[in-house]
Amino acid sequence: MITYIELWKSKPTWKNMSGEERGKYLTALGPAIQQLMDSGVQIISWGKNESATFSRVDYDYFAVWTFPNIETAQQFEQMVEGAGWYNYFEQVNAMGNATNPQEIMGDMINA
C-alpha cells in the first residue's frame with residue numbers, strides 16, 4: 001500500500017478568481033475523485049495546516065491518501081496535472097510504501 005501526502009497553497013491565479021469560478025473548478029474535480037475511490041484509493045484526511053503548528057511548513061492545506069499500488073498513485077499524479085491544479089496551487093508531495101517505525105529507523109541507521 002502506498003501512502004501519498006500533498007501540501008499546497010494558493011497561487012495568485014487562484015486568489016484572483018471569483019468564488020463562482022473557484023466553485024466550478026472544484027466541483028468539476030468531484031467525478032475524478034469518486035473514480036479514484038471506486039478504484040481502491042482511500043482518503044485518510046484532508047485538512048488545513050494550523051498556524052499554531054510547531055515548525056510549520058509554509059503550505060495552507062494537506063491531504064493524506066492511500067493507493068493500492070504505485071501505478072495508481074502515478075495515475076493520480078497525472079490526473080492532478082491534467083486538471084490544471086498546478087496553475088492554481090503551489091504544491092509539494094511525498095509518497096512511499098506504508099511501513100512501520102522500526103523499518104524506517106533501520107533504514108535511517110543504514111542510510
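**Sheet, salt bridges and aromatic contacts**

At 56% relative accessibility, K24 counts as exposed, where buried means under 20% relative accessible area, exposed over 50% and partly exposed in between, with a 1.4 Å probe and protein chains only. The structure is a predicted model, in which local features need pLDDT of at least 70 and side-chain atom pairs count only at pLDDT 80 or more, while totals for chains, interfaces and linings use all residues. Residues are numbered from 1 along each chain as its sequence is written, and side-chain values use heavy atoms, with hydrogens and water left out.

The partner of K24 is E20, and the two side chains meet in a salt bridge with an N to O distance of 3.5 Å; a salt bridge is here a side-chain nitrogen of Lys or Arg within 4 Å of a carboxyl oxygen of Asp or Glu. Both E20 and K24 belong to helix 2, which covers residues 19-38, and they lie four residues apart, about one turn of the helix. Helices (H or I, at least four residues) and strands (E, at least two) are taken as DSSP runs and numbered from the N terminus. E20 is likewise exposed, with a relative accessible area of 56%.

Three salt bridges are found in a search of the whole structure. Another of them joins D58 to K9, the closest N and O atoms being 2.8 Å apart. Because D58 lies in the loop between strand 2 and strand 3 whereas K9 lies in strand 1, this pair ties together parts that are 49 residues apart in sequence. K9 is buried, with a relative accessible area of 16%, and its charged end sits over the ring of Y59 at 5.2 Å from the ring centre; for this assignment, NZ of Lys or CZ of Arg must be within 6 Å of the ring centre and within 35 degrees of the ring normal. A further salt bridge links D60 with R56, with closest N and O atoms 3.5 Å apart. Here D60 is partly exposed at 28% relative accessibility, and R56 is partly exposed at 29%.

Four strands form an open sheet in the order 2-3-1-4, with antiparallel pairing, two strands being paired if DSSP finds at least two bridges between them. Strand 2 (42-48) and strand 4 (89-97) are the edge strands, each of which pairs on one side only. From one strand to the next, the twist averages 15°; axes are lines fitted to C-alpha atoms, for helices over the stretch in contact, and angles run from 0 to 180 degrees between N-to-C directions. Strand 1, comprising residues 2-10, is joined to strand 4 by nine bridges, and the two run antiparallel. Within this pairing, W8 has Q91 of strand 4 as its bridge partner. Helix 3 (residues 70-82) packs on the sheet, where it touches strand 1, strand 3 (61-67) and strand 4, and its direction makes about 15° with that of strand 1; contact means heavy atoms within 4.5 Å. Strand 1 also pairs with strand 3, in the antiparallel sense and over seven bridges, and F67 in strand 3 is the bridge partner of I2.

M1 is placed in the segment before strand 1 and counts as exposed at 56% relative accessibility. When residues up to four places away in sequence are not counted, M1 touches T66, F67, P68, G96, N97 and A98. M1 and V41, which are 40 residues apart in sequence, have C-alpha atoms 9.8 Å apart in space.

Aromatic rings were also examined, and the structure holds 14 aromatic pairs. Rings of Phe, Tyr and Trp (its six-membered ring) pair if their centres lie within 6.5 Å, and planes under 30 degrees apart count as stacked, over 60 as edge-to-face and the rest as tilted. W8 and Y61 form a stacked pair, at 5.9 Å centre to centre and with 25° between the planes. This pair links distant parts of the chain, since W8 is in strand 1 and Y61 in strand 3, 53 residues apart. W8 is buried at a relative accessible area of 6%, whereas Y61 counts as partly exposed at 32%. The rings of W65 and F76 have centres 4.9 Å apart and planes at 50°, so this pair is tilted. As W65 lies in strand 3 and F76 in helix 3, the pair ties together parts that are 11 residues apart in sequence, and both residues, W65 and F76, are buried. One aromatic cluster is formed by Y4, W8, W14, Y25, W46, Y61, W65, F67, F76, W85, Y88 and F89.
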